[in-house]
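Good morning, colleagues. Please look at the structure on the screen while I speak about charged side chains and their partners.

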Amino acid sequence: MAGARTVIELKRVRPGRDSPATVLREGITQLCEYLDTLGEREGWLIIFDQRPGLGWDERLWEQEIEVEGRTLHIRGA
């Protein structure tokens with residue numbers, strides 16, 4: 001589709017440095033700022049969890065949330 005934009009923010013949970021909750025919170029804030037700047041109402045947040053010892057069942061998840069009229073598609077990987 002001509003002129004369509006997909007807004008995507010990538011974040012990572014680094015072993016020993018980040019908590020998943022902090023990365024999620026920061027990612028949501030950053031994605032919302034990008035959406036506002038671009039005048040978009042929908043975006044994607046992908047979080048790569050690099051902590052050792054996690055299985056795919058723990059790494060792969062999805063969540064859809066609404067934040068002040070914006071739709072955020074959040075995925076864990």
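Glu64 counts as partly exposed, with 43% relative accessibility; the term covers values between buried, under 20% relative accessible area, and exposed, over 50%, with a 1.4 Å probe and protein chains only. This is a predicted model, in which local features need pLDDT of at least 70 and side-chain atom pairs count only at pLDDT 80 or more, while totals for chains, interfaces and linings use all residues. Residues are numbered from 1 along each chain as its sequence is written, and side-chain values use heavy atoms, leaving out hydrogens and water.

Which residue forms a salt bridge with Glu64? The partner is Arg75, with the closest N and O atoms 2.8 Å apart. A salt bridge here is a side-chain nitrogen of Lys or Arg within 4 Å of a carboxyl oxygen of Asp or Glu. Glu64 lies in strand β3 and Arg75 in strand β4, so the pair ties together parts that are 11 residues apart in sequence. Strands are DSSP runs of E with at least two residues, and helices are runs of H or I with at least four, numbered from the N terminus.

Salt bridges that share partners also join Asp36, Arg41, Glu68 and Arg70 into one network.

The whole structure holds 8 salt bridges. One of them links Arg5 to Glu40, at 3.5 Å between the closest N and O atoms. Arg5 lies in the segment before β1 and Glu40 in the loop between α1 (20–38) and β2 (42–49), so this pair ties together parts 35 residues apart in sequence.
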